[in-house]
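Visitor: I would like to learn how to read a few features of a protein model. Could you take me through them with the structure in view?

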Amino acid sequence: MTRRPPPSGPLPRWLRMEAQRITRSAPDDTARREFLAQASAFGASTGAAYAWLGLPAPAIAQDAAEPVGRPETAQVRIQMLVRDLNDPRSFDWFQEANVTRGWLEYLVSYENDGTFRPQLLEGWHISEDAAHYTLNVRRGVTWNDGTAFTAADVARNITRWCDRTAPGNSMAARFSVLIDRGSGQAIEGAIQTPDTHIVTLTLPRPDISLIAGMADYPAAIVPQGFDADTMLENPIGTGPYLPEAVIPGSHAVLVRNDAHKWWNAGHGAWMKRIEFVDTGTDPGVAYAAAVAGDIDMTHTIEGSYSRKFDVLEGWRAHDIRTAATITIRGNQNAVVDGRRPYADLRVRRALQLAMSNEILLELGYANRGTVAENHHVSPLQPAYAPMPAPVYDPARARELMAEADMLDYEHELISIDDGWRRNTADAAAALLTDAGLRVRRTILPSPRFFAGWNSFPFSTTDWGHRPLAVQTYALAYRSGEPWNEFGWANSEFDVLLGDALATLDIEARRGIMAKLEALVRGDAVTVQPYWRTLRNHTRDGLAGGAHNISFEIRPAELRWT
């Protein structure tokens, strides 16, 4: 292969040096992915990021096969759980966003190769110290009511994200660097619009994670005057579809908005109608729907039914390795019968020692993934620091539980009623029982589980892939965050996480990540047993529906070929 000369561009000096280091060595996939994520986060185009490594950029998926016109009858039916919708900044499940993506778009997208691509932004520039962001808003975009989309819309949305007083607003965790601690609102003067299509962010300290945060599913861009209670009756957005129906637990329908001229230029939105069909959490029902010809695509399929789909005539399988996972944890703040059983470190360590991550992967997920290390940082995420495999010692687990005077305590392990999460929890309960600990299983239907997922005393939760491990730590492990289902608070961790968010150099950050990982595992915050390889299926001829690393379904990219 002929190496391309490194392109010129606004990459920080340390990142240019990282590219040189990688190209001088024999880079592995992890090193490449780390660089691509960092370079694209700092504003390099996908082509430029690859070129810095002397590699050709991959073809964009939607260019690989031309759609068959824009027939008025083009439609697709997708198996997916359909959830109730609320304010996007408080979304806590991917499926909510997959419906609203029809009309509510994003500033940035995160791709399967680890890169970030501009969407409602044309691009961005980050200063060498990651303390000043310049966002270039895409010109020519309009809301579907004809109003121009400008920098003021972007600034208003970022300001909304910074509102810590808004119930369930997880975007505040992603943008905490811009929030005044006293008011719980955006720091005055930190968000500016010097031009109708330029937004500047001036940070009090460096933070490398803001672009990644803009790509996360609660970061949908909403219009001025947005009201979650009327979002379906008045669906103003920049996207090409409108909601026809959203019935949680049943179905949701998007119809193409042919009056939206911004999206009437032939660059997407090939389907006239998109229907999300909720077949519940039993993959057997989804399989039956496929056999009956009632669906054209699955969101994600696990367990034995994945293999059945693999051999279903007229269907194709799509796999992707991810940092999606499951946690088996005690909530340290939960009170059960007047005591806080999981506030005791000995109890949490006993739970870790009683469980084998290898067995949990085998029995819970049919070995379709890789074993994890109980600290929730994946080798796919930049600055991952390898740790020794967790110890499996049931005898010691029993000793610790006895020391905590909890040997007779019955742990109620709660999970949702589906395939892989139920199977993983069943395997965990069996391991605990084998270690001589008392446990009973409670399996909840999805509405009841989702209503209390982050507050159960002892339960399992699935977590999706995120581009940066510091994102996951800021969302789920930093003290006091809404998504901190563990009830864990550690001031040393919080300080180190702030350092990691402010550290640009990957190798320097890896050293900090090693300390953070050690704290999470040392405090036995969770059993986090494996990383998932995800699989979905599409009918032959359907493009744009292969499994996305972040569980996204992008309506505008779906097309029959």
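Guide: In β7, T200 is the bridge partner of Q192. This is a predicted model, in which local features need pLDDT of at least 70 and side-chain atom pairs count only at pLDDT 80 or more, while totals for chains, interfaces and linings use all residues. Residues are numbered from 1 along each chain as its sequence is written, and side-chain values use heavy atoms, with hydrogens and water left out.

Visitor: How many bridges join β6 to β7, and in what order do the strands of the open sheet lie?

Guide: Strands of a sheet pair through backbone hydrogen bonds, either parallel or antiparallel. Helices (H or I, at least four residues) and strands (E, at least two) are DSSP runs numbered from the N terminus, and two strands pair if DSSP finds at least two bridges between them. Here three bridges join β6 to β7 (residues 198-202), and the two strands run antiparallel. The open sheet has four strands in the order β4-β5-β7-β6, with antiparallel pairing. Its edge strands, each pairing on one side only, are β4 (121-126) and β6 (191-195).

Visitor: At what angle do helices α1 and α2 pack?

Guide: Two packed helices are described by the angle between their axes and the distance between the axes. Axes are lines fitted to C-alpha atoms, for helices over the stretch in contact (heavy atoms within 4.5 Å), and angles run from 0 to 180 degrees between N-to-C directions. Helix α1 (residues 13-24) and helix α2 (residues 29-41) pack at about 155 degrees, with their axes 11 Å apart. The pair is therefore roughly antiparallel, a label for angles over 145 degrees. The contact involves W14, L15, E18, A19 and I22 of α1, together with A31, F35, Q38 and A39 of α2.

Conventions: Parallel < 35°, antiparallel > 145°, perpendicular 65-115°, else oblique.
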